[in-house]
Amino acid sequence: MGIRRTEEMVYEKLRACINLRFGIPGETEDDFRRLAVISIKRRDLSEQGLPEAVLEKRIHQYDCHQTSLVTQMKVLFVMYVEQKLDIRLEDDEVTATEDLKTFSGLVFRALIKKE
C-alpha cells in the first residue's frame, strides 16, 4: 500500500469499525464482552423498550450450539475483519483475546506478515 501501518492506526480503525458494526458510535470501552452488552442494551432499549431484567436474560441466553449472543457478536466481528483485510487469525489466539487493544495487535501482526 505504500503507507506504513502502525499498531495504533490499526487500533483506531478497528475501534471505528466495531463502533459502527455494533451500533455504538463514540464508545470508548475496550472489552469485547462489555461492547457487545452495550450494543445489545442500546439496540433493544431503543427498539422495544424492554426492561433491564429481560435484557440481562437475553444477553446470557445460549443458542443450540451453547454460544451466547455476546460470543456470537465477537465471532462475527472477527470474521468480518478477516474477510475485509484478507487475513487469517489463529482461532486459539482470538479466543483468548478479550479486548480490542489485544485484538488489534493480532491484526497488526497478520497485516505485517501479509506484506
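Which residues of the largest nonpolar core touch the most other members?

Mentor: Happy to! Keep in mind that this is a predicted model. The largest nonpolar core has 27 residues, and those touching the most other members are Leu14, Phe22, Phe77, Leu89, Leu100, Phe103 and Val107. At least two residues of this core come from each of helix 1, helix 2 (32-48), helix 4 and helix 6 (100-114). Helix 6 gives the most, with 7 residues. In soluble globular proteins, nonpolar side chains tend to be buried together.

Leaving aside residues up to four places away in sequence, Leu100 touches Tyr11, Leu14, Arg15, Ile18, Asp30, Phe32 and Phe77.

Now follow helix 1, residues 7-22. Its buried residues include Tyr11, Leu14, Arg15, Ile18 and Phe22. The 16 residues of helix 1 should span 22 Å at 1.5 Å a residue, and the end C-alpha atoms are 22 Å apart, so the two agree. Just after helix 1, Gly23 has a positive phi of about 70°.

Leu76 counts as exposed because its relative accessibility is 55%, where the cut-off for exposed is over 50%. Together with Val75 and Met79, Leu76 forms a nonpolar surface patch with about 290 Å² of accessible area.

Finally, look at Asp86, in the loop between helix 4 and helix 5 (91-96). Asp86 is not a glycine, yet its phi is positive, near 55°. Asp86 is exposed, with a relative accessible area of 59%.

Terms used: Residues numbered from 1 in each chain as written. Predicted model: local features only at pLDDT ≥ 70, side-chain atom pairs only at ≥ 80, totals over all residues. Heavy atoms only, no water. Patch = residues over 30% accessible without salt bridge, like charges linked within 9 Å, V, L, I, M, F, W, Y side chains within 5 Å. Areas by Shrake-Rupley, 256 points an atom, 1.4 Å probe, with all protein chains shown as cover. Salt bridge = Lys/Arg side-chain N within 4 Å of Asp/Glu carboxyl O. Buried < 20%, exposed > 50% of the residue type's maximum accessible area, 1.4 Å probe, protein only. Helix = DSSP H or I, 4+ residues; strand = E, 2+ residues; numbered from the N terminus. Expected span 1.5 Å × (residues − 1). Core = buried A, V, L, I, M, F, W, Y, C linked by side-chain atoms within 4.5 Å. Contact = heavy atoms within 4.5 Å.
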